[in-house]
Amino acid sequence: MSWIAKGIVNRTDHRLSMMLAVLSAGAALLLTLIVLFLIKESWPFLSSRWHSGSWFDWLQYQGWYPQENRFGMAPMLLASLAVTLGALIVALPVGLASAIYLQFYANPKVARTFRLLLTLLAGVPSVVFGLWGLTRIVPLIALWQPPGASLLAAILVLSLMVLPTIALTSAAALASVSGELLHGGIALGMRRKTQILHIMLPAARSNIFGGVLLATARALGETMAVLMVAGNVVQFPAGLFDPVRVLTANIALEMSYAMGDHRASLFASGLLLTAMVWLLSWGSYRVTRNGREAGQYG
Amino acid sequence: MRVRDLEVGYGDKTVLSQVSLDIYKGCITALIGPSGCGKTSFLSTLNRLTDHSDARVAGQILFDGQDLLRDSVDTLGLRRRIGMIFQRPNPFPLSIRRNLELPLKEHGIRDRQVRYRKIEKVLKDVGLWEEVSDRLDASALALSGGQQQRLCIARALVLEPEVLLMDEPCSALDPISSGIVEELILRLRGRYTVVIVTHNLAQARRVANYAGFFWMTERVGKLIEFGLCRHLFEAPRHALTAAYVSGARG
């Protein structure tokens, strides 16, 4: 009897694995097609760089004047990086503190509610964050330093958006540290502060870093909320209160009417963003994997 | 150390009851018995590690004239005097030096030179100095299992405790490392009071002065017999002990 049953199991198993293989191959294919499409659409822009031999002229500042064939992306790239970095500087301490509180201080009931709130915060659509920023944060900053729509507004809104990612991944990273380490610290008469700062955080650091890289990728790719509060003036940000335009917002703002080289340049900036986000995700994957291999015992 | 009528439970389940025994200064006391009869629970009441689980502990443990189960006891100070070694080596994911420096700093030893002297001394004590003195700043996780366990023993010894609790310190090690750690435990005899939980009867016999035999009766762990190690193995008073040490039961 048993060999018959085994045969049936093997056959359904085979069918299932084939199906899964086709599906995952499909997903991979789609991804490849999207990148190919990006490359194809940005080709006029890329090939003109190729012919003129000035590959990186878009990094030299000659202004963003698409009509005059001047595609200086540097201010927008820099604005993207400044917004992302700023958001991380705000969200990292708060997120890490939340994770430590969740993991070591909150009683189970409070922790559950707090975790739920963070998860809900992660699920708020970015346009809603944008609306809130536009009607609350921007006027507030305008009272102090007009016009209000600025690098600072973008940083504040974006930091709130990446906070749940940082808090939840850091909490998971701390939770995955072996309890044996914690007991080791306790048995040596260490205070809780020392256990957390000198044992748990170092043990979880690579997984925390992986979460931060994911948050960075999200911040870099965020479009709508930033577009609504950043003011969208193409310029090098000289201060926190200057309006800036980030790369993603630029694509969203101009795609509807762009043609020719202008359109291609927008695709090229999309390609650049994709490459940056992929690099970050790959980095995140690498550090978390290394963390698992080196850091914790089972 | 005098333990009187100790009872440990989790929730409404009692895992250990009516344990009374004396732990003699400078001697090695081995606790033997099958898995799950409360030996580890017993051990972790002695440094109040049970505070960090949902365990209930009742009874009395007199240490230096004080009941260390009382709420008013300074557990951080207590754990400086009573160190613990776990079944699986658990070095912190830091450098070898930092592993030993961290507890010293925590207990207020500010002078770096003093710390370094203590670290060198304790590493020599556990026989790691020759093996690691040239790579003190390398990660402790790069050490072998046996070296890690000796580092953990060094980490406990660096605080100069009076008592050392060991929860099956050799069971996760290969035979050679296990032998090295056992020799180290023997060298500690006389200088420290050691309480060691072990499944390895031969090991208990080789290292211990006193031995206690735990057994489950009616689903509750009990101390069946306690006395000189030699007596327990050669002339057990209790039939269960005799059966266990001869390998007939357990």
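The model is predicted: local features need pLDDT of at least 70 and side-chain atom pairs count only at pLDDT 80 or more, while totals for chains, interfaces and linings use all residues. Residues are numbered from 1 along each chain as its sequence is written, and chains are lettered from A and ligands numbered from 1 in the order in which they are written.

**Confidence**
- The model scores are ipTM 0.91 and pTM 0.84.
- The average pLDDT (the predictor's confidence in each residue, from 0 to 100) of chain B is 93, and 100% of its residues score at least 70.

**Side of chain B that touches chain A**
- Contact, defined as C-beta atoms, placed from the backbone, lying within 7 Å, joins 22 residues of chain B to 18 residues of chain A.
- Helix 2 (75-81), strand 6 (82-85) and helix 3 (96-106) of chain B each supply at least two residues of this side; helices (H or I, at least four residues) and strands (E, at least two) are DSSP runs, numbered from the N terminus.
- Helix 2 of chain B gives the most to this side, with four residues.

**Backbone features**
- The peptide bond from Pro146(A) to Pro147(A) is cis, with omega near 10°; Pro147(A) lies in the loop between helix 5 (126-144) and helix 6 (151-175) of chain A.
- Arg48(B), in the loop between helix 1 (39-46) and strand 4 (55-63) of chain B, has a positive phi of about 60° although it is not a glycine.
- Glu168(B), in the loop between strand 7 (163-167) and helix 7 (175-188) of chain B, has a positive phi of about 45° although it is not a glycine.

Key
Two residues are in contact if their C-beta atoms, placed from the backbone, lie within 7 Å.
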